[in-house]
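Thanks for coming. Please keep the structure open while I talk.

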Amino acid sequence: MNRSVSTSSSLPREHTAEARMARLQDDASWRPAIGLGVATLLLAGAVYAGIATGFASLSYPTQAEGSLLRDGSGKVRGSAWLAQPLNDDGYFQARPSAANYDPMAAAGSNLARSNPALAERVTAITAAVAAREGVSPAQVPADLVTQSGGGLDPQLSPAAAQVQVARVARARGLPVERVQALLQAHTEGRQWGVFGQPRVNVVTLNFALDQAAKA
């Protein structure tokens, strides 16, 4: 009787040629996916980001670093795109902020117009602004008592900046005409003459006032 046994049949299944081939095929099926993932990570996460950053830095160097405002010594005094809480009569005040002017917590109050808390807050702020500027509550522009969606907007309407001119000039001991001239210089028209409304960046205006005082 022939007692010979096939070598392949006597080995555990994991050691057979068919099993080894299956494992090789399984390993090969992962390689394209891993390669594609690595290539995508390098292209989208490193190469593209590096090119975009380099292009922005060369084409728009000021904006790429945050539109920072530096004084004569090079010290950063703020950004042209972030409102600041300057509780001093010598400065133009920005819109109220639900985020307390914190860039890491940008947000609006999310109060509906029908919410009594919103009406109470606006009434209280209107009275405070009217007393600060020496005008009647009816003369207080709406953007001085309402919060923007992000809480960091540095722009005001020309009317909201104009109502503050007399106070700023008085606090700084400057002629009203000089402060008015700076205000006009920092008043921007509609974007491309079509979009948006005229506006004043109070951050750059306040920075210009400080620079003028040092001149």
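Helices (H or I, at least four residues) and strands (E, at least two) are DSSP runs, numbered from the N terminus.

Two remarks on the source. This is a predicted model, in which local features need pLDDT of at least 70 and side-chain atom pairs count only at pLDDT 80 or more, while totals for chains, interfaces and linings use all residues. Residues are numbered from 1 along each chain as its sequence is written, and side-chain values use heavy atoms, with hydrogens and water left out.

Now the overall picture. The protein has eight helices and five strands. Starting at the N terminus, the order of elements is α-α-α-β-β-α-β-α-α-α-β-β-α. Of its 215 residues, 28% count as buried, where buried means under 20% relative accessible area, exposed means over 50%, and partly exposed is in between (1.4 Å probe, protein chains only).

First pair: α7 and α8. Their axes are 10 Å apart and the helices pack at an angle of about 135°. α7 and α8 are therefore oblique to each other; angles under 35 degrees count as roughly parallel, over 145 as roughly antiparallel, 65 to 115 as roughly perpendicular, and the rest as oblique. On the α7 side the contact is made by Arg-178, Leu-182 and Leu-183, and on the α8 side by Leu-205, Ala-208, Leu-209 and Ala-212. Contact here means heavy atoms within 4.5 Å. By class, this contact has six nonpolar residues, no polar ones and one charged. Ala, Val, Leu, Ile, Met, Phe, Trp, Tyr, Cys and Pro count as nonpolar, Asp, Glu, Lys and Arg as charged, and the others, Gly among them, as polar.

Which residues meet? Val-165, Val-168 and Ala-169 of α6 touch Val-176, Val-179, Gln-180 and Leu-183 of α7. Six of the residues in this contact are nonpolar, one is polar and none is charged.

A general point on spacing: an α-helix has 3.6 residues a turn, so residues three or four places apart point the same way.

Staying with α6, its buried residues are Val-165, Arg-167, Val-168 and Ala-169. They are covered by elements including α4 (116-133), α5 (158-162), α7 and α8 (202-214). After α6 comes Gly-173, with a positive phi near 70°.

Finally, the loops. Tyr-101 is in the loop between β2 (76-79) and α4, and its phi is near 60°, positive in a residue other than glycine. Asn-110 lies in the loop between β2 and α4, and its phi is also positive, near 60°. Is each one buried or exposed? Tyr-101 is buried, at 19% relative accessible area, whereas Asn-110 counts as exposed because its relative accessibility is 75%.

Asp-153 sits in the loop between α4 and β3 (155-156) and, at 34% relative accessibility, counts as partly exposed. Leaving aside neighbours within four places in sequence, Asp-153 is in contact with Ala-83 and Ser-148.

Methods. Axes are lines fitted to C-alpha atoms, for helices over the stretch in contact, and angles run from 0 to 180 degrees between N-to-C directions.
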